[in-house]
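Dear colleague,

Please find below the structure that I am handing over to you, followed by an account of what was found in it.

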Amino acid sequence: MTTPPYDAIIVGSGPGGASVARDLARRHWRVLVLEQGSAAPLSGTLTQMASMAAIPGRGLFIHRDASLLVQGIGAGGSSALNFATAAAPPPAMFAAHGIDLSRQLAQLRAELPIAPLPDSLVGPMARRLTAGARAAGMDWQALDKMIRPARCRAGCWRCVYGCPFGAKWTARDFLDQAIENGAVLFDRTRARRVLLEDGRAVGVVYTRAGTTQVAQARVVVLAGGAVGSSRLLHASGLRGATSGFFSDPVISVMGAVDDLAVAVNDGEDAGNEVPMAAGVRFDGDGISLADLALPRPLFQAFAAQAGRLDRLAAHARTLSVMVKIGDEIGGAIGPRWVSKPLHASDRLKFARGVELARAVLREAGASHVFASHHFAAHPGGSVRIGDGVDADLQTAAPNLYVCDASVIPGPWGLPPTLTLLCLGTRLASHLARQT
Ligand SMILES: Cc1cc2nc3c(=O)[nH]c(=O)nc-3n(C[C@H](O)[C@H](O)[C@H](O)COP(=O)(O)OP(=O)(O)OC[C@H]3O[C@@H](n4cnc5c(N)ncnc54)[C@H](O)[C@@H]3O)c2cc1C
């Protein structure tokens with residue numbers, strides 16, 4: 001038998017894929033990363049963000065009930081566009097599958113810039129909401145962020161479009177380290193299916209520059225995200241046409257204040273600040289609240305979608321509270337579509353969360369309060385541990401692994417990135433031990 005040219009092919013370069021790629025490359029594995037999006041440098045512009053997350057059927061999915069599911073398509077996956085909030089993996093959920101991520105978590109915490117924002121980077125809207133939430137009796141605390149304060153600029157919001165200053169940690173950081181250690185990245189390259197021989201994964205069929213080609217490897221890791229990996233398994237004949245999933249849907253509850261202590265910076269106006277500086281989690285209810293300042297075009301899109309054209313000009317005065325719920329696993333990721341209707345229990349959580357957000361805004365002195373339609377940005381749980389993969393993240397096909405948000409074993413409601421980095425680090429160690 002001839003030796004395949006790669007030790008591992010990794011499909012997708014988000015947090016799951018980039019962490020496996022980096023750690024295997026550091027162990028001198030010959031690694032090929034296939035990423036369907038572009039690896040062009042992040043510019044922090046609306047145009048680039050839209051090209052990654054607003055093309056229907058690629059980064060943007062519109063459900064039948066008009067709610068939206070957003071994901072980032074490009075090097076770093078959704079981490080390029082995310083809000084940089086870090087949360088530790090919930091130990092009990094993983095312990096139920098015999099998985100302990102505490103060692104990986106300690107290692108990543110020691111390595112990555114994970115800490116609350118310094119006061120100088122907390123915007124006036126986040127400060128006002130903290131005061132409102134505490135006046136409402138909530139245990140509203142600073143959230144851990146994956147941001148390098150020395151490179152972050154007060155009054156800037158560009159992390160939401162893709163931080164061009166290197167302040168926000170993204171999976172591109174790990175991808176770059178993988179490449180420094182010899183990994184090969186093919187961007188604008190779409191994996192079509194896993195190549196199987198006698199039921200074992202031996203490579204990937206992919207399309208690059210209009211040509212369909214095959215790459216072979218000892219190990220294949222699917223890290224295309226909850227939508228991408230379940231579709232690839234189906235296209236490879238290894239899974240049914242549809243997979244249920246969670247999406248961690250969000251409603252933004254907004255209200256205006258007239259006396260905001262505005263910190264205008266470099267010609268920017270208020271409403272431009274790092275989102276999710278602080279918040280609270282009601283664990284038993286599966287509800288989280290946080291400040292959610294958004295750049296003007298996104299705020300206006302939410303106001304328009306809610307039919308509040310009267311608020312379009314109020315961006316600089318409008319406080320926004322994010323209500324996120326851990327929704328039930330359900331709906332379906334299909335080969336060409338995605339559908340995620342809310343369960344009755346999800347609607348109840350939202351009703352409770354919106355009530356809590358209104359209390360925060362009331363205490364913050366806001367008026368003209370309205371709520372957006374729900375939208376989502378954390379699809380996961382479509383190829384769950386204990387269902388689609390085993391505790392080592394291996395599928396039923398030997399040598400084929402999945403490492404991304406799809407493997408999260410149950411309803412979620414947390415920022416997933418740090419958990420996915422823990423899982424990727426753990427998978428790389430496991431693979432290194434196996435061979
Ligand atoms: C607006 C927004 C805000 C968020 N805020 C936070 C936050 O504050 N904190 C947090 O922890 N998380 C946040 N998230 C979620 C977090 O970023 C994602 O959960 C995480 O990036 C998922 O990682 P992943 O490895 O599963 O895959 P992804 O990040 O989805 O990456 C998958 C990659 O695989 C590629 N791919 C898919 N299919 C193929 C194929 N067939 N061939 C080649 N490439 C393919 C995709 O193009 C993509 O780049 C946010 C997400 C968004 C969109």
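**Helices α1 and α10**

In helix α1, the residues P15, G16, S19, V20, D23 and L24 meet T417, L420, L421, L423, G424, T425, L427, A428 and L431 of helix α10. By class, the residues of this contact comprise 9 nonpolar, 5 polar and 1 charged. Please bear in mind throughout that the model is a predicted one.

Helix α1 covers residues 15-26 and helix α10 covers residues 417-434. The two helices pack at an angle of about 35 degrees, and their axes are 8 Å apart. Their crossing is right-handed.

P15 belongs to helix α1. Is P15 buried or exposed? P15 is buried, because 31 other C-beta atoms lie within 10 Å, and a count of 20 or more is what the term requires. Residues up to four places away in sequence left aside, P15 touches G77, S79 and A171, as well as T417, L420, L421 and G424. Of these, T417, L420, L421 and G424 are also listed on the α10 side of the helix contact. A further distance concerns I385, which is 370 residues from P15 along the chain; the C-alpha atoms of the two are separated by 17 Å.

S230 is buried, since it has 30 other C-beta atoms within 10 Å. Its contacts, apart from neighbours within four places in sequence, are R239, S243, I333, S382, V383 and S406. S230 and G240 are 10 residues apart along the chain, and 8.9 Å separates their C-alpha atoms.

**The two domains**

The protein chain is divided into two domains, each made up of several segments. Domain 1 consists of 1-39, 74-112, 169-240 and 378-435, whereas domain 2 consists of 117-161 and 247-375. Their C-alpha centres lie 30 Å apart. To the contact between them, domain 1 gives 19 residues and domain 2 gives 22 residues. On the side of domain 1 that touches domain 2, there are 11 nonpolar, 7 polar and 1 charged residues.

**Residues in loops**

Several residues in loops were also examined. The loop between α1 and β2 (31-34) contains H28, and R27 is found in that loop as well. H28 counts as exposed because it has 11 C-beta neighbours inside 10 Å, whereas R27 is partly exposed, with 15 other C-beta atoms within 10 Å. The limit for an exposed residue is 12 or fewer such atoms. R27 and D283 are 256 residues apart along the chain, with 39 Å between their C-alpha atoms.

What is the phi of H28, which is not a glycine? The value is positive, at about 70 degrees. Most residues other than glycine have a negative phi. D198, likewise not a glycine, also has a positive phi, near 50 degrees. D198 is located in the loop between β9 and β10 (200-208). With 7 other C-beta atoms within 10 Å, D198 is exposed.

Finally, D65 sits in the loop between β3 (60-62) and β4 (68-70). D65 counts as exposed, given its 11 C-beta neighbours inside 10 Å. Although D65 and S339 are 274 residues apart in sequence, their C-alpha atoms are 8.9 Å apart in space.

Yours sincerely

Technical notes. Residues are numbered from 1 along each chain as its sequence is written. This is a predicted model: local features need pLDDT of at least 70, side-chain atom pairs count only at pLDDT 80 or more; totals for chains, interfaces and linings use all residues. Axes are lines fitted to C-alpha atoms, for helices over the stretch in contact, and angles run from 0 to 180 degrees between N-to-C directions. Helices (H or I, at least four residues) and strands (E, at least two) are DSSP runs, numbered from the N terminus. A crossing is left-handed if the near helix is turned anticlockwise from the far one by less than a right angle, and right-handed if clockwise. Two residues are in contact if their C-beta atoms, placed from the backbone, lie within 7 Å. Ala, Val, Leu, Ile, Met, Phe, Trp, Tyr, Cys and Pro count as nonpolar, Asp, Glu, Lys and Arg as charged, and the others, Gly among them, as polar. Domain bounds come from an automatic or database domain assignment.
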